[in-house]
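These are my notebook entries on a single structure. I list what I looked up, entry by entry.

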Amino acid sequence: MTQTKILISGASVAGPALAYWLHRYGYRVTVVEKAPDLRGGGYAVDFRGDVHMTMLRRMGVLADIERLRTRMGATWYVNSAGKRLVKMPDDLFAGDVEILRGDLAQVLYQATRDDTEYIFGDSISSAEEDADGVTVHFERGDPRRFDLVIGADGVHSKVRSVAFGPEDRYVKHLGLHCAIFTAPNHLGLSYSGLAYSTPGKVVSVYSARDNTETKALFYFASPAADYHRHDVARQKKILAETFRGNGWETDPLLVTMWDSPDFYFDSVSQVHMDTWTRGRFALLGDAAWCPSSLSGMGTGLAMVGAYVLAGELATAEGDHRTAFAAYERELRAYVRGCQKQGEGVSRLMVPESPVLAWFLRLNFKLIPYLPWKGLMAKSVRKTASAYTLKPYTTPTRRP
């Protein structure tokens, strides 16, 4: 029986996670990534609850993730003078285990590189499906044939645009933009973070890599901005103009931004689609259902999705129509719950009104003394745990 060949677009988290499971079930996997190598940097991502932790154990990567965990403790809201005002619950941000996104990508790559073909520095330009497979054209490489094509290439998915249509049909802007970059630990933070809020803006900084550096994270309220997604110079200018003179440590952080090697800037958005599959194409992770960075669910959900998609393909013995339908049935409710976690958070995360900002700071101050002090963290954990992992097993006949 001919081994089924599957192309995955995207080598961040969802793509390598899917490659891991597909190889286990006997598929021949190729991963194409536009970047010349693995992307470093990025913010910290977390896993929480039985669903996430069980999935990591089944993959055999939990020990590696725990070895590289951030070990983050408290995050404090401060005033313009740097005085610590409110301590946020540790579990709200760090979950059961937290790791930098770039470190997680490296763990998944190391777990799959010996069994998966990786192509860096290239991307899909077009694809034509027929009764027997998909002919994929690349920006640089020669055309190739695959049985299935999976888009695990983020909010701005190339596979989605090729197989489903323009981005503006599916991406919903939540009224915020965010930026993150690596900066020196000039505040001497030790496994901790600080956040400073003004109307419509939040600046936070937290230690990373055993306190040898920090991650500077900016959120600001804004309609969809006019900039090219790959124009980093323009993005830095937008951030500098928006936050200049904002107070606290904002200006010193902006100075370090200009030389940062891993600057990232994008709108805070969600992806909503009626279907994640079409013919021999399927979408996974943020390409299919991005719940937004504010949800705290994106990474765990993407990896659960990879587990389910591969498991359903194996159960259906390569019948992609049956597998894709089961994949959607399995995950729809769970995905919707995770998306709801991110909806409405923008107004609480970045209050535009001075009155609302004051009211939220007052509530944060009272949290340690209120009976619902752990409610936010419990809500996130409940959402992450609202799914039961199926015990997929390797079929006797491999595809």
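**Entry 1: terms and basis.** I take helices (H or I, at least four residues) and strands (E, at least two) as DSSP runs, numbered from the N terminus. I count two strands as paired if DSSP finds at least two bridges between them. The model is predicted, so I note that local features need pLDDT of at least 70 and side-chain atom pairs count only at pLDDT 80 or more, while totals for chains, interfaces and linings use all residues. Residues are numbered from 1 along each chain as its sequence is written, and side-chain values use heavy atoms, with hydrogens and water left out.

**Entry 2: the six-stranded sheet.** In what order do the strands of the open sheet lie? I read E7-E2-E1-E11-E18-E17, six strands with mixed pairing. Strand E7 (117-120) and strand E17 (277-278) are the edge strands, each pairing on one side only. I then looked at the pairing of E7 with strand E2 (residues 28-33): the two run parallel and are joined by four bridges. Within this pair, Val-31 has Tyr-118 of E7 as its bridge partner.

**Entry 3: two hairpins.** I followed strand E8 (residues 124-130) into strand E9 (residues 133-138); six bridges join them, and they run antiparallel. Two residues lie between E8 and E9 in this hairpin. Ala-127 has Val-136 in E9 as its bridge partner. E9 also forms a hairpin with E10, with five residues between them. Strand E10 (residues 144-146) runs antiparallel to E9, and three bridges join the two. Here the bridge partner of Val-134 is Phe-146 in E10.

Entry 4: I call a residue buried under 20% relative accessible area, exposed over 50%, and partly exposed in between (1.4 Å probe, protein chains only). Helix H1 (residues 14-24) is mostly covered, with eight of its eleven residues buried. Among them are Trp-21, Leu-18 and Leu-22. Gly-26 follows H1 and has a positive phi, near 95°.

H5 is mostly covered as well, with nine of its twelve residues buried. Its buried residues include Arg-101, Asp-103, Leu-104, Val-107 and Tyr-109. I also checked the length of helix H5 (residues 101-112).

**Entry 5: Thr-182.** I located Thr-182 in strand E12 (residues 171-183). Is this residue buried or exposed? Thr-182 has a relative accessible area of 16% and therefore counts as buried. For its neighbours I use contact in the sense of heavy atoms within 4.5 Å. Not counting residues up to four places away in sequence, Thr-182 touches Glu-213, Thr-214, Lys-215, Ser-260 and Asp-262. With Lys-215 there is also a side-chain polar contact of 2.7 Å. A polar contact is a pair of N or O atoms within 3.5 Å; within protein, one must be able to donate a hydrogen and the other to accept it, and residues adjacent in sequence count only if both atoms are side-chain atoms.

**Entry 6: cysteines.** I searched the whole structure for disulfides, meaning pairs of cysteine sulfur atoms within 2.5 Å, and found zero. Cys-178 is buried at 6% relative accessibility, and Cys-338 is buried at 0%.
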